[in-house]
Amino acid sequence: REKASMVGTLLAGGCAGVSNWIIAIPFDTIKSRWQTAPSGKYKNLLDVLQTLLREEGPRALFRGISPALLRAFPANAACLCG
């Protein structure tokens, strides 16, 4: 078996990190809204989602994704290289 190249490993790690955040950021946004809301504002996580979509639209689920992606690629590329 051939050992993976350094460039291939860096790309794999970076792409894995970016993919993770593209999937995770909506859930993270809902969790953050729930955690930072005043007590009693939301009934549950579904209420957070419904309120967010109604008041701000679906794009609000991805607010803040740019810095997360810019950080994710190099951080995960480095982690995969060890």
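Predicted model: local features only at pLDDT ≥ 70, side-chain atom pairs only at ≥ 80, totals over all residues.
An α-helix has 3.6 residues a turn, so residues three or four places apart point the same way. Helix 2 itself covers residues 45–56, 12 residues in total. From first C-alpha to last, helix 2 reaches 16 Å, close to the 16 Å expected at 1.5 Å a residue.

Salt bridges were examined next. The structure holds 3 of them. One joins Glu56 to Arg33, with the closest N and O atoms 2.7 Å apart. This pair links distant parts of the chain: Glu56 belongs to helix 2 and Arg33 to helix 1, 23 residues apart. Glu56 also forms a salt bridge with Arg63, and here the closest N and O atoms are 2.7 Å apart. Through shared partners, Arg33, Glu56 and Arg63 join into one network. Glu56 has a relative accessibility of 34% and so counts as partly exposed. Arg33 is also partly exposed, because its relative accessibility is 23%.

Lys31 pairs with Asp28, and the closest N and O atoms are 3.5 Å apart. The two residues are 3 places apart in helix 1, so about one helical turn separates them. Lys31 is partly exposed at 37% relative accessibility. Asp28 is partly exposed too, with a relative accessible area of 27%.

Helix 3 spans residues 65–81 and includes Ile65. Is Ile65 buried or exposed? Its relative accessibility is 17%, so Ile65 counts as buried; the cut-off for buried is under 20%. Leaving aside residues up to four places away in sequence, Ile65 touches Trp21, Ile22 and Ile25. Ser5 is 60 residues from Ile65 in sequence, and their C-alpha atoms are 29 Å apart in space.

Phe73 is also placed in helix 3. Its relative accessible area is 31%, so Phe73 is partly exposed. Together with Val7 and Leu11, Phe73 forms a nonpolar patch on the surface. The accessible area of the three residues together is about 270 Å².

Key. Residues numbered from 1 in each chain as written. Heavy atoms only, no water. Helix = DSSP H or I, 4+ residues; strand = E, 2+ residues; numbered from the N terminus. Buried < 20%, exposed > 50% of the residue type's maximum accessible area, 1.4 Å probe, protein only. Contact = heavy atoms within 4.5 Å. Patch = residues over 30% accessible without salt bridge, like charges linked within 9 Å, V, L, I, M, F, W, Y side chains within 5 Å. Areas by Shrake-Rupley, 256 points an atom, 1.4 Å probe, with all protein chains shown as cover. Salt bridge = Lys/Arg side-chain N within 4 Å of Asp/Glu carboxyl O. Expected span 1.5 Å × (residues − 1).
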